[in-house]
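Here is a friendly walk through one protein and its ligand, in questions and answers. Have a look at the structure first, and then let's work through it together.

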Amino acid sequence: MDKIIVEGGRSLKGQVRISGAKNAALPILVSSLLAEGSNTYSNVPHLQDIESIKSLLCNLGARAEAHGDTVHVDTGRILSCEAPYDLVRKMRASILVLGPMLACLQKAVVSLPGGCAIGARPINLHLKGLAQLGADIHLEHGYVRAEAKKLTGADIYFDTVTVTGTENLMMAAVLAEGTTVLRNAAREPEVIALAEVLSKMGADIQGAGTAVITINGVTSLKPVSVRIIPDRIETGTFMIAAALTHGDVTLVDCNPEHVRASIHKLRRAGVKITTAENTIHVHGNDEIFSVDVETQPYPGFPTDMQAQFMVLMCVANGTSMISETIFENRFIHVSELERMGADIKISGHTAIVKGVPALSAAPVMATDLRASASLILAGLVAEGQTQVNRVYHLDRGYETIEKKFSQLGAAIKRIK
Ligand code: EPU
């Protein structure tokens with residue numbers, strides 16, 4: 001199994017290109033199911049999760065082929081309405097096929113994703129919403145079996161803000177009869193990106209990016225050609241890397257509007273950041289100040305940036321409180337960071353992080369993508385050689401992470 005070795009202590013300098021967003025690409029690739037014909041997506045990142053969703057689409061009968069960062073999905077002959085356990089267990093986002101399959105095939109059999117390292121992650125709100133659209137849903141032998149001769153628009157309220165729940169319901173509602181209103185909807189840029197793709201296909205969607213999304217059903221959709229938006233979590237991760245190493249890094253092909261919460265917190269920590277339309281320049285300060293953070297749905301501070309920001313606070317001057325409000329078990333990185341000399345106490349859903357003068361290298365591993373990224377960041381500033389194991393988590397969500405850091409001057413390599 002691959003490992004990443006990082007030698008700490010180098011200041012990052014130069015330019016890094018931000019890849020397309022994993023969490024935008026996944027629902028958008030799935031939305032191809034709604035538009036029979038050939039769909040083309042550019043700026044798709046090369047990631048394990050993208051491979052998983054392509055396999056799932058092919059398993060359903062679609063053709064999905066990549067040429068560089070362009071992916072063609074041809075949905076001319078969907079033959080199956082079953083998303084099997086072996087594919088879904090690799091990636092929870094597979095649940096996104098449920099809404100579109102119901103809309104197009106009137107039937108869907110999808111393995112229940114189950115929990116994951118960061119929390120129980122139920123899908124009750126996806127199922128409740130689909131039932132309100134008229135689907136008949138049963139859970140049987142670990143599978144969701146859903147059927148609907150016809151989906152009919154409904155007024156749906158999400159008890160909790162859910163990103164993939166909003167996306168699933170939006171994809172089911174675009175072909176439903178009548179009007180669907182999604183209340184307390186997720187406002188993430190990835191939800192807006194999906195709504196834009198669906199609208200380009202011919203759907204009638206208003207309000208994406210606000211808490212109330214209104215969808216007037218149409219009878220059919222046509223294939224599209226679109227570009228995937230930049231990855232805001234990769235953007236935030238590189239901003240923190242630059243800040244941590246007191247570096248001087250320009251991020252290109254990114255969207256500063258999507259990372260406003262992270263920019264705000266980094267500026268409070270003393271980091272100098274300037275933005276232009278598609279670029280962000282990060283100039284690390286010699287001193288890092290402690291800042292409190294609470295994760296919230298967008299436009300709040302993202303849970304997917306919590307682990308990375310914690311590393312910055314581990315070497316800040318002072319004590320910070322980092323509260324995780326989205327997932328119940330998203331402090332997996334804490335015990336590994338402690339092994340690297342961090343001073344962190346957990347109290348309920350808050351981590352109290354007391355800055356230390358330096359971290360020290362250690363062999364580490366994590367069972368979650370963002371936690372793994374945080375360990376690479378810690379390695380960049382730790383004294384000595386850090387060995388990050390279980391790299392497959394990183395490969396699910398960061399495109400060639402070691403190459404990008406290496407181009408910025410980090411001493412980092414992958415060992416096969
Ligand atoms: N929730 C429910 N019931 C539901 C759905 C969600 O109780 O039916 C709860 C969850 O347990 C959680 C909260 O609602 O406490 C928010 O979860 P959400 O549904 O928004 O998460 P998700 O859609 O499964 C997406 C991203 C995650 C990201 C979260 C939060 C994708 C493919 N995944 O997950 O990304 O952390 O939103 O922003 O878009 C990652 O990329 O590393 C990652 C985990």
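Q: Which residues does the domain assignment give to domain 1 and to domain 2?
A: Keep in mind that this is a predicted model. The domain assignment gives two segments to domain 1, 3–19 + 230–415. Domain 2 is given as 22–217.

Q: How many residues does each domain bring to the contact between domain 1 and domain 2?
A: Taken over C-alpha atoms, the centres of the two domains are 30 Å apart. Counting heavy atoms within 4.5 Å as contact, domain 2 brings 18 residues and domain 1 brings 23 residues.

Q: Where does the ligand lie relative to domain 1 and domain 2?
A: Look at which domains give residues to the shell around the ligand. Both domain 1 and domain 2 do, so the ligand's place is between them.

Q: Which residues are the closest to the ligand?
A: The shell holds 21 residues, with a heavy atom within 4 Å as the cut-off. The closest of them are Asn124, Thr162, Thr164, Asp304 and Ile326.

Q: Which helix supplies the largest share of the shell around the ligand?
A: Four helices supply at least two shell residues each: α1 (22–31), α5 (124–132), α6 (163–173) and α12 (369–381). The largest share is three residues, and the helix that supplies it is α5.

Q: How many residues of the shell around the ligand are charged?
A: Sorting the shell by residue class gives nine nonpolar residues and seven polar ones. The charged residues number five.

Q: Which ligand atom lies 2.7 Å from a polar side-chain atom of Asn124, a nitrogen or an oxygen?
A: For comparison, Arg121 places a polar side-chain atom 2.9 Å from a ligand oxygen, and Thr164 has one 2.6 Å from an oxygen of the ligand. With Asn124, the ligand atom at 2.7 Å is a nitrogen.

Q: How much of the ligand's accessible area does the protein cover?
A: On its own, the ligand has 830 Å² of accessible area. The share of this area that the protein covers is 87%.

Q: Why is one side of β18 and of β20 left without a neighbour in the sheet?
A: The sheet is open, with mixed pairing and four strands in the order β18-β19-β21-β20. β18 (293–294) and β20 (343–347) stand at its edges, so one side of each has no neighbour there, because each has a single partner strand.

Q: Which residue of β21 stands opposite Lys345?
A: β20 pairs with β21 (residues 350–354) in the antiparallel sense, over five bridges. Opposite Lys345, the residue in β21 is Ile352.

Notes
Residues are numbered from 1 along each chain as its sequence is written. This is a predicted model: local features need pLDDT of at least 70, side-chain atom pairs count only at pLDDT 80 or more; totals for chains, interfaces and linings use all residues. Side-chain values use heavy atoms; hydrogens and water are left out. A polar contact is a pair of N or O atoms within 3.5 Å; within protein, one must be able to donate a hydrogen and the other to accept it, and residues adjacent in sequence count only if both atoms are side-chain atoms. Accessible areas come from the Shrake-Rupley method with a 1.4 Å probe; for residues, only the protein chains shown count as cover. Ala, Val, Leu, Ile, Met, Phe, Trp, Tyr, Cys and Pro count as nonpolar, Asp, Glu, Lys and Arg as charged, and the others, Gly among them, as polar. Domain bounds come from an automatic or database domain assignment. Two strands pair if DSSP finds at least two bridges between them.
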